[in-house]
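This report describes a protein chain together with its ligand. The sequence and the structure are shown first, and the description follows.

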Amino acid sequence: MKRLKILAIVGSLRKDSYNRQLAMLAKEIVGDRADFEILEYADVPLLNQDYETPPPEPVTRVREAVKAADGLWFFTPEYNHYFPGVLKNLIDWLSLPVGKSAPVIVKKPCAISGTTTGMHATACAQDHLVTLLSYLDADVMNKPRLTIPYILEQVDDQGRVVLTQSRKYLERQADAFLAFVQKRIECGLGGK
Ligand SMILES: Cc1cc2nc3c(=O)[nH]c(=O)nc-3n(C[C@H](O)[C@H](O)[C@H](O)COP(=O)(O)O)c2cc1C
C-alpha cells in the first residue's frame with residue numbers, strides 16, 4: 001500500500017501558534033502511518049490578478065505541494081468568527097486553474113481542526129471554511145471536525161500545547177482522516 005502524504009495548512013503565521021502546535025501533535029499521532037508536513041506559505045503574496053500569470057514562485061511552490069498531497073488537514077484559529085485572511089489569500093491562489101488544468105484543490109480530501117484561547121473554539125471559522133472548500137469542490141470530511149476552546153487550559157509551564165483533555169479527540173480525528181483519504185485513493189478519487 002502506498003504511503004499517504006498529508007499536508008497540514010495552519011491558518012496562523014505566528015511562530016508559537018497554538019494551531020501550529022496542534023498540527024505538530026497531529027503529526028506525532030499520525031506517526032509512521034503517513035508522511036505529514038506543514039505547508040510554509042508566509043511568503044505567498046496578496047493575490048493581485050496583475051501577477052496571476054506567470055504566478056509568483058511561492059505560489060507555484062504551494063500549488064505543487066498541494067497537488068502532491070493525498071489529503072489537506074487545516075488547523076485554523078478564529079479571527080472575529082472567521083478564519084484568518086492569510087488562509088483565505090492562500091486558498092484564493094489555490095482556487096485558480098493552472099494553465100489548462102483544474103485548480104489543485106479540486107476533489108482534495110480535507111480535514112479541519114482548530115483551537116482558540118476563548119470559548120468559541122473556531123466553530124464559526126470552521127463553518128466558513130467548509131463553505132469555501134465546498135464551493136471549490138474540495139472533499140471535506142465533516143465528521144469529525146475538532147474544535148478546542150480555552151487552549152491555555154491545556155498548555156504546560158512553558159506555554160507548550162500538551163492537550164490533556166483533548167488528545168483523544170485528535171487521535172480519533174487522525175484515524176478517521178487517514179481512513180477517509182485511503183478510501184478516496186481506493187475509489188480513484190482524491191484529485192491526483
Ligand atoms: C484579530 C483577532 C480576532 C480574534 N477573534 C477571535 C474570535 O472570534 N474567537 C475566538 O475564540 N478567538 C479570537 N481571537 C483569539 C485567538 O483565538 C487567539 O489569538 C489564538 O491564539 C490565535 O491562534 P494561534 O495561537 O494559532 O495564532 C482573535 C485574535 C485576533 C488576533
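Predicted model: local features only at pLDDT ≥ 70, side-chain atom pairs only at ≥ 80, totals over all residues.

Pro144 is placed in the loop between strand β5 (139-140) and strand β6 (146-148). Lys143 and Pro144 are joined by a cis peptide bond, with omega about -5°. A cis peptide bond is also found from Thr53 to Pro54, where omega is near -5°. Pro54 lies in the loop between β2 (34-38) and α2 (57-68). A further backbone feature concerns Asn80, a residue other than glycine whose phi has a positive value, near 50°. Asn80 belongs to the loop between β3 (71-75) and α3 (85-94).

The overall fold comes next. The protein chain contains 5 helices and 6 strands. Read from the N terminus on, these elements follow the order β-α-β-α-β-α-β-α-β-β-α. The radius of gyration of the protein chain is 16 Å, close to the 16 Å that the globule rule gives for 192 residues, so the chain is as compact as a globular protein of that length. The C-alpha trace of the protein chain spans about 50 × 40 × 25 Å along its principal axes.

The table lists the angle and the axis distance for each pair.

| Helix pair | Angle between axes | Distance between axes |
|---|---|---|
| α1 and α5 | about 60° | 10 Å |
| α2 and α3 | about 80° | 10 Å |

In the pair of α1 and α5, helix α1 covers residues 18-30 and helix α5 covers residues 167-186. Their angle of about 60° makes α1 oblique to α5. The crossing of these two helices, α1 and α5, is right-handed. On the side of α1, the contact is made by Leu25, Ala26, Ile29 and Val30, and on the side of α5 by Leu170, Glu171 and Ala174. The residues of this contact of α1 with α5 comprise 6 nonpolar, no polar and 1 charged.

For α2 and α3, the packing angle is about 80°. Angles of 65 to 115 degrees count as roughly perpendicular, and α2 and α3 are therefore roughly perpendicular to each other. Here Val59, Val62, Arg63 and Val66 of α2 meet Leu90, Trp93 and Leu94 of α3. The residues of the contact of α2 with α3 divide into 6 nonpolar, no polar and 1 charged.

The last topic is the ligand. Which residues come nearest to the ligand? Of the 14 residues around the ligand, the nearest are Ser12, Ser17, Pro77, Thr116 and Gly118. How many residues of the shell around the ligand are nonpolar, polar and charged? The shell around the ligand has 3 nonpolar, 9 polar and 2 charged residues.

Notes: Residues numbered from 1 in each chain as written. Near = placed C-beta within 6 Å. Nonpolar A, V, L, I, M, F, W, Y, C, P; charged D, E, K, R; others polar. Axes fitted to C-alpha atoms, helices over the stretch in contact; angles between N-to-C directions. Helix = DSSP H or I, 4+ residues; strand = E, 2+ residues; numbered from the N terminus. Parallel < 35°, antiparallel > 145°, perpendicular 65-115°, else oblique. Left-handed = near helix turned anticlockwise from the far one by under 90°. Contact = placed C-beta atoms within 7 Å. Rg over C-alpha atoms; globule rule 2.2 N^0.38 Å.
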